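Please read it alongside the sequence and the coordinates.

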Amino acid sequence: MVAPPNYGSDYSARFNAIYPDLAKAFAVPLYPFFLHEVAADAKLNQADGMHPTADGVDIIVKNILPTVQAFLGAISGQRS
């Protein structure tokens with residue numbers, strides 16, 4: 001997730017760096033914004049304006065699926 005823009009540029013810059021830094025430190029893929037193409041689109045969100053509708057979830061899954069598949073491909077065969 002990314003910080004909402006109304007939190008201010010200083011806070012947003014510091015918050016938005018957390019997940020990329022963690023992904024780099026732990027060598028894991030990062031999907032930077034889960035609600036890409038869904039956030040702030042009223043027809044893709046429920047009345048609360050925060051949670052996606054079924055159509056919104058479909059877009060989220062379509063967008064994130066290649067990243068998930070790539071990650072699963074990269075770890076297949078690994079055992080803990």
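Helices (H or I, at least four residues) and strands (E, at least two) are DSSP runs, numbered from the N terminus. Asn-45 lies in the loop between helix 2 and helix 3. This is a predicted model, in which local features need pLDDT of at least 70, side-chain atom pairs count only at pLDDT 80 or more, and totals for chains, interfaces and linings use all residues. Residues are numbered from 1 along each chain as its sequence is written, and side-chain values use heavy atoms, with hydrogens and water left out.

**Helix packing**

- Helix 1 (residues 9-16) packs with helix 2 (residues 18-26) at an angle of about 15°, and their axes are 4 Å apart. Axes are lines fitted to C-alpha atoms, for helices over the stretch in contact, and angles run from 0 to 180 degrees between N-to-C directions.
- Helix 1 and helix 2 are therefore roughly parallel to each other (angles under 35 degrees count as roughly parallel, over 145 as roughly antiparallel, 65 to 115 as roughly perpendicular and the rest as oblique).
- Arg-14, Phe-15 and Asn-16 of helix 1 make the contact with Ile-18, Tyr-19 and Pro-20 of helix 2, where contact means heavy atoms within 4.5 Å.
- By class, this contact has 4 nonpolar, 1 polar and 1 charged residues (Ala, Val, Leu, Ile, Met, Phe, Trp, Tyr, Cys and Pro count as nonpolar, Asp, Glu, Lys and Arg as charged, and the others, Gly among them, as polar).

**Salt bridges**

- There are 2 salt bridges in the structure, each defined as a side-chain nitrogen of Lys or Arg within 4 Å of a carboxyl oxygen of Asp or Glu.
- Asp-10 and Arg-14 are separated by about one helical turn, because they are 4 residues apart in helix 1.
- Both Asp-10 and Arg-14 are exposed (buried means under 20% relative accessible area, exposed over 50%, partly exposed in between, with a 1.4 Å probe and protein chains only).
- A salt bridge also links the side chains of Lys-43 and Asp-41 (3.4 Å, N to O). Lys-43 is exposed at 65% relative accessibility, whereas Asp-41 is partly exposed at 22%.
- Lys-43 sits in the loop between helix 2 and helix 3. Its C-alpha atom is 8.0 Å from that of Thr-53, 10 residues away along the chain.

**Two buried asparagines**

- Asn-45 is buried, with a relative accessible area of 9%. Its side chain reaches the backbone oxygen of Val-38 at 2.8 Å.
- Leaving aside neighbours within four places in sequence, the contacts of Asn-45 include Val-38, Met-50 and Thr-53.
- Asn-63, in helix 3 (residues 54-75), is buried at 15% relative accessibility.
- The side chain of Asn-63 reaches the backbone oxygen of His-36 at 3.3 Å.
- The side chain of Asn-63 also makes a polar contact with the side chain of Lys-62 (3.1 Å). A polar contact is a pair of N or O atoms within 3.5 Å; within protein, one must be able to donate a hydrogen and the other to accept it, and residues adjacent in sequence count only if both atoms are side-chain atoms.
- Leaving aside neighbours within four places in sequence, Asn-63 is in contact with Tyr-31, His-36 and Glu-37.

**Positive phi values**

- Most residues other than glycine have a negative phi.
- Glu-37, not a glycine, has a positive phi of about 70°. Glu-37 is in the loop between helix 2 and helix 3 and is partly exposed, with a relative accessible area of 47%.
- Ala-40 likewise has a positive phi of about 70°. Ala-40 is in the loop between helix 2 and helix 3 and is exposed, with a relative accessible area of 82%.
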